[in-house]
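Open the model in your viewer and keep the selection panel at hand. The tour goes stop by stop.

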Amino acid sequence: MDFGFPQRGITLFLVILVLTSLLSISLGIFTVVFSQLRLSGEIADSFVALYAADEAIERGLYLDRNQPAPLCTPVVGVGCLYVGSQVQLSNGSCYILKVDKTVTANPYTFDVNIRATGEYRCGGGITSVKRALQTSYTQSIPPP
């Protein structure tokens, strides 16, 4: 039976249709897998940046409490601010330390805030990852 329609090319059309749908499905799967791989890599970089910030907090606490001359020496009734330069670590990370001491109601007592920003792949490029930690405590100095 011939209905008057040419049957040529219908197989080619069906093959192109099937291949296009397979390509679309493959691209969708590739997009999901690639984004998951990228995310898992950023998690590892995030840990390195977090550990750099943790090292900076520990160093700031040590230097502020145990050094003969602390990072930031407040004057009675007035606070002080210390912003350190960028410190490079051996694993490719770096950190910046900031110490802020503000006066409380008692002029011989200060609220100390230490903020550390750790960065992996330092330089602020598109692949760098930053994480920050902050701690605070109250410090008293003996009256004269």
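Strands here are DSSP runs of E, at least two residues long, numbered from the N terminus. Two of them pair if DSSP finds at least two bridges between them. The model is a predicted one.

**Stop 1: the strands**

Select residues 93-103 and 109-120. These are strands S3 and S4, which run antiparallel and are joined by eleven bridges. Five residues sit between S3 and S4, and the two strands form a hairpin.

Pick Ala 116 and look across to S5, where Leu 133 is its bridge partner. In a regular strand, side chains alternate between the two faces of the sheet.

**Stop 2: the disulfide**

Show the cysteine sulfurs. How many disulfides does the count come to? One. Select Cys 94 and Cys 122, which it joins with an S to S distance of 2.0 Å. Cys 94 lies in strand S3 and Cys 122 in the loop between S4 and S5, so the pair ties together parts 28 residues apart in sequence. The torsion about the S-S bond is about -125 degrees, so this disulfide is left-handed.

Is Cys 94 buried or exposed? Cys 94 is buried, at 2% relative accessible area. Cys 122 is partly exposed, at 25%.

**Stop 3: the largest pocket**

Select Arg 38, Gly 41, Glu 42, Asp 45, Arg 121, Ile 126, Thr 127, Ser 128 and Val 129. They line the largest pocket, which holds about 160 Å³ of space. Colour the lining by type: two residues are nonpolar, three polar and four charged. Which element gives the most to this lining? Helix H1, residues 10-66, with four residues.

**Stop 4: aromatic pairs on H1**

Stay with the helix and show the rings. The count of aromatic pairs comes to two. Start with Phe 30 and Phe 34, a stacked pair at 5.8 Å centre to centre, with 20 degrees between the planes. They are four residues apart in helix H1, so about one helical turn separates them. Phe 30 is exposed at 51% relative accessible area, while Phe 34 is partly exposed at 48%.

Move on to Phe 47 and Tyr 51. This pair is stacked too, at 6.4 Å centre to centre and 25 degrees between the planes. Phe 47 and Tyr 51 are also four residues apart in helix H1, about one helical turn. Phe 47 is partly exposed at 45%; Tyr 51 is exposed at 57%.

Notes
Residues numbered from 1 in each chain as written. Predicted model: local features only at pLDDT ≥ 70, side-chain atom pairs only at ≥ 80, totals over all residues. Heavy atoms only, no water. Disulfide = S-S within 2.5 Å. Buried < 20%, exposed > 50% of the residue type's maximum accessible area, 1.4 Å probe, protein only. 1 Å grid on protein atoms, 1.4 Å probe; cavity = no way out; pocket = protein on both sides within 12 Å on 5 of 7 lines; lining within 4 Å. Points joined across faces, edges and corners; volume = space filled by probe spheres on them. Nonpolar A, V, L, I, M, F, W, Y, C, P; charged D, E, K, R; others polar. Phe/Tyr/Trp six-rings, centres within 6.5 Å; stacked < 30°, edge-to-face > 60°.
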